[in-house]
There are 2 protein chains.
Amino acid sequence: MGSETKHQTIGIVGAGLVGCLTALAFASKGYEVTLFELRPDPRTVDSSQRNLRSINLAVSNRGISALKYVDPAMADRILEHIIPMKGRMIHDITGKKQESQIYGLNGESINSIDRSFLNCCLLDELDKSKVRTLFEHKLVRLDNKSASKMTFFDHNNIVKTYSFDYVVGCDGAHSQFRYQLSKVMRMDYSQKYIDMQYIELYIPPSEDPENKFAIDANHLHIWPRHDFMLIALPNKDGSFTSTFFSPWSVIDGIESSDEFLKFFKDNFPDAYDLIGEFALAKAYDSNPRGSLMQVSCYPYSNGKGIILGDAAHSMVPFYGQGMNCGFEDVRVLMELIDANEGDIDKAFAEYSPKRKGDVDAICKLALDNYYEMSSKVVSTGYLIKKKVDYTLAKVFRNKWLPLYTMVSFRDDIPYSKAVQIEQNQNRLLSNMQLGLVGSAVLYGLVKFGQYWTRNTK
Amino acid sequence: MGSETKHQTIGIVGAGLVGCLTALAFASKGYEVTLFELRPDPRTVDSSQRNLRSINLAVSNRGISALKYVDPAMADRILEHIIPMKGRMIHDITGKKQESQIYGLNGESINSIDRSFLNCCLLDELDKSKVRTLFEHKLVRLDNKSASKMTFFDHNNIVKTYSFDYVVGCDGAHSQFRYQLSKVMRMDYSQKYIDMQYIELYIPPSEDPENKFAIDANHLHIWPRHDFMLIALPNKDGSFTSTFFSPWSVIDGIESSDEFLKFFKDNFPDAYDLIGEFALAKAYDSNPRGSLMQVSCYPYSNGKGIILGDAAHSMVPFYGQGMNCGFEDVRVLMELIDANEGDIDKAFAEYSPKRKGDVDAICKLALDNYYEMSSKVVSTGYLIKKKVDYTLAKVFRNKWLPLYTMVSFRDDIPYSKAVQIEQNQNRLLSNMQLGLVGSAVLYGLVKFGQYWTRNTK
């Protein structure tokens with residue numbers, strides 16, 4: 001195999017985060033890679049034109065592990081720019097109290113990084129590689145059952161067709177590649193919107209010369225208000241990218257920027273001051289409302305074409321795993337190519353059944369986590385359970401693992417396995433609780449017995 | 001409104017059955033209509049190049065009613081070419097016995113017509129109308145939230161953009177229009193393949209000068225074999241279009257045309273002789289295997305764009321309602337435009353909630369009917385139930401309606417209502433049966449009481 005595979009050509013659609021990493025991964029193995037992107041090169045676009053629906057990223061263990069798999073030196077260059085967040089900072093409704101909830105047992109962090117910035121970093125890495133990148137190329141056709149011929153039209157509306165040995169779609173939740181692929185194979189597919197919108201907001205750097213961060217830099221800030229919530233993630237320049245999530249009915253019920261300001265002041269008084277009245281009113285008037293969609297499909301490949309990242313499994317952002325899972329897709333696929341000694345046919349065939357369970361698991365966790373972030377983080381039961389969980393984890397080091405730790409800090413445990421371990425632990429915990437109740441009842445009976453014996457003698 | 005609306009422009013994608021009828025319907029109301037089709041004009045294409053995965057059509061009451069709504073004279077012209085099928089003809093495994101099961105209470109029929117032929121009829125009607133039809137135009141973009149600008153590239157790969165007041169997608173199960181629309185609105189969507197393939201076969205006209213039909217012309221022929229089945233629908237020239245349906249495992253388990261011939265001879269001995277050994281072997285070797293997909297989505301419109309027919313609800317073919325439901329979509333939408341005095345905005349807004357329940361109902365019935373066609377038609381329980389059902393229908397005329405009658409012969413009863421009526425009837429029937437059992441038990445008890453009294457006196 002070895003040298004023969006080096007002549008194989010790979011066409012990749014989508015130069016977002018996952019597409020760039022996929023291109024770098026194939027190129028590092030010696031394949032001839034062409035990467036197509038619908039949009040212009042973001043490095044040439046005025047930053048004020050940027051998409052205001054980015055949702056800040058938290059890169060964690062799985063994402064870092066995939067970056068390192070592809071190129072450890074590149075991973076180091078990128079990871080220079082992250083801001084570690086060691087826990088959640090919960091802001092109460094008075095705007096006066098903040099409480100830190102640490103994520104990891106051993107100081108592990110998830111890491112804030114700007115999506116556009118990371119994308120540009122990866123594009124810079126591509127420039128150093130042998131990958132050919134073609135911007136402003138819109139995929140319009142994927143030909144024949146082998147899915148190896150792709151037709152694009154470019155920014156001059158000129159139609160061009162390219163042939164490849166293998167093609168990969170990394171073009172996001174609304175993937176045109178997936179749509180085209182699904183016409184030449186039997187792919188089950190579903191997309192489902194959840195009743196939730198989001199608006200991106202901005203907390204500027206502080207004016208304090210000692211500390212440019214207006215709130216703690218090393219936390220993911222949450223203002224949980226049950227039905228809706230606000231979050232904020234730090235940026236290198238001291239600013240925070242903040243996102244307001246709510247059901248559509250909440251935002252639709254607010255009919256003017258004045259009403260929005262009042263709503264915001266009532267619910268997030270400290271954030272109101274941090275963002276500023278003027279910026280808030282402007283954001284309400286002009287920032288787009290994002291919607292949240294879940295995508296699920298199966299299988300991911302027809303033998304010659306494959307989809308990775310959001311194209312295969314767009315998830316809601318509440319576990320901070322969307323990009324991490326997409327990067328892990330790349331690592332899993334590359335490891336299958338390694339395991340099959342460069343036989344991509346075999347790797348593509350093995351990928352879908354291997355990956356499906358894990359992808360489904362994290363999509364479900366992401367949805368469930370909205371409830372955790374917006375409500376449970378302030379419930380006493382949750383806090384007790386979390387305390388017990390972390391205490392057991394401290395005592396039974398590596399034998400008892402909180403779910404969040406497994407998902408965010410342990411790429412050696414697949415998502416589906418993490419869910420399974422958590423379920424077993426919960427069962428054990430319930431039994432222990434039952435045991436405790438049982439013991440208490442027994443104790444009561446014994447005490448009553450003693451009392452009875454004493455008093456009837 | 002009236003005359004103002006006449007200046008509105010409608011762009012329709014897909015010149016299949018539903019697209020043609022939609023174009024005719026809008027044109028007959030005075031709108032300026034342009035119809036785009038990906039493929040070349042089928043009337044200019046050599047018939048030997050035709051798609052061999054057509055599945056013959058049965059046009060029934062709902063389809064006819066929609067044709068008549070658009071243009072009664074046109075409906076008459078088209079209906080000249082149908083062959084009425086008044087029931088199912090069940091072929092047993094010996095190849096020697098056939099049994100007729102009549103569909104209607106009053107001789108109602110469903111009607112066989114060739115899909116390509118019907119499509120050409122509708123295109124001929126379009127030629128007589130003011131509709132502008134553009135073939136070999138591939139939709140590649142649907143612009144802005146109002147979904148009114150559509151970009152195509154034509155057979156010379158020239159890119160052209162057109163603007164309309166309203167746009168309609170009738171481009172089938174793999175609708176590009178739907179894909180584009182779903183990017184500018186929040187549309188839940190799912191496509192699911194069922195484990196079933198089909199191969200089209202052909203029964204030639206008989207050589208008997210007295211009767212060109214080798215088997216009864218006025219039945220839908222079924223060879224039900226539980227896991228798999230064969231069906232055949234008559235054509236005007238005396239031939240039958242026949243389709244073999246089976247799970248993929250059955251066809252994949254057959255490894256050569258010789259094995260296919262043996263399988264066919266064992267299971268469909270009379271059809272084997274009708275089709276002929278040579279043609280069967282050839283069909284096995286070269287006819288494509290079709291797959292069956294269900295499509296479901298919601299809502300169907302974003303206010304300016306709407307999807308109709310298979311683009312909105314591709315269903316399995318086992319109730320013979322795919323096209324009928326698509327045609328009914330057109331009638332329902334047109335009636336909403338009438339009811340709103342030409343206000344298409346309102347009609348589009350009202351369409352989705354009005355139509356969803358009925359579409360879901362028929363999609364489910366279609367899937368359930370595979371079991372009925374392939375297995376239940378030969379079970380004693382089913383035949384008794386059917387007998388009871390039809391007897392009650394005869395006795396309580398218009399008060400008791402078999403489900404098949406409501407679906408296929410009563411366009412005044414929406415699909416969802418038909419399902420509901422059937423459920424009520426079934427409940428009544430169960431109660432009656434319970435009543436009968438109760439009476440029997442009571443009778444037994446009385447008899448035993450008499451016996452007891454007699455013998456203990």
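Tutor: One term to begin with: a charge sits over a ring if NZ of Lys or CZ of Arg is within 6 Å of the ring centre and within 35 degrees of the ring normal. Also, this is a predicted model.

Student: Okay, which residue lies over the face of Trp248(B)?
Tutor: Arg186(A) does, at 3.7 Å from the ring centre.

Student: And what sits over the ring of Tyr284(A)?
Tutor: The charged end of Arg289(A), 4.9 Å from the centre of that ring. Tyr284(A) also belongs to an aromatic cluster.

Student: Which residues form that cluster with Tyr284(A)?
Tutor: Phe228(A), Phe244(A), Phe260(A), Phe263(A), Phe264(A) and Phe268(A).

Student: How many aromatic pairs does the structure hold over all chains?
Tutor: There are 57. One is Tyr298(A) with Tyr300(A): the ring centres are 6.0 Å apart and the planes stand at 75°, so the pair is edge-to-face.

Student: Is Tyr300(A) buried or exposed?
Tutor: Buried, because its relative accessibility is 1% and the cut-off for buried is under 20%. Tyr298(A) counts as partly exposed, at 31%.

Student: New topic. What rotation superposes chain A on chain B?
Tutor: One of 180°, with 0.0 Å of shift along the axis and an RMSD of 0.1 Å. The two copies are therefore related as by a two-fold rotation axis.

Student: Which residue of chain A comes closest to the rotation axis?
Tutor: Ser190(A), with its C-alpha at 2.0 Å.

Student: Why do the copies meet through the same surface?
Tutor: Because 100% of chain A's interface residues are also interface residues in chain B.

Key
Residues are numbered from 1 along each chain as its sequence is written. Chains are lettered from A and ligands numbered from 1 in the order in which they are written. This is a predicted model: local features need pLDDT of at least 70, side-chain atom pairs count only at pLDDT 80 or more; totals for chains, interfaces and linings use all residues. Side-chain values use heavy atoms; hydrogens and water are left out. Rings of Phe, Tyr and Trp (its six-membered ring) pair if their centres lie within 6.5 Å; planes under 30 degrees apart count as stacked, over 60 as edge-to-face and the rest as tilted. Buried means under 20% relative accessible area, exposed over 50%, partly exposed in between (1.4 Å probe, protein chains only). Copies are superposed by least squares on the C-alpha atoms of residues with pLDDT of at least 70 in both. Contact means heavy atoms within 4.5 Å.
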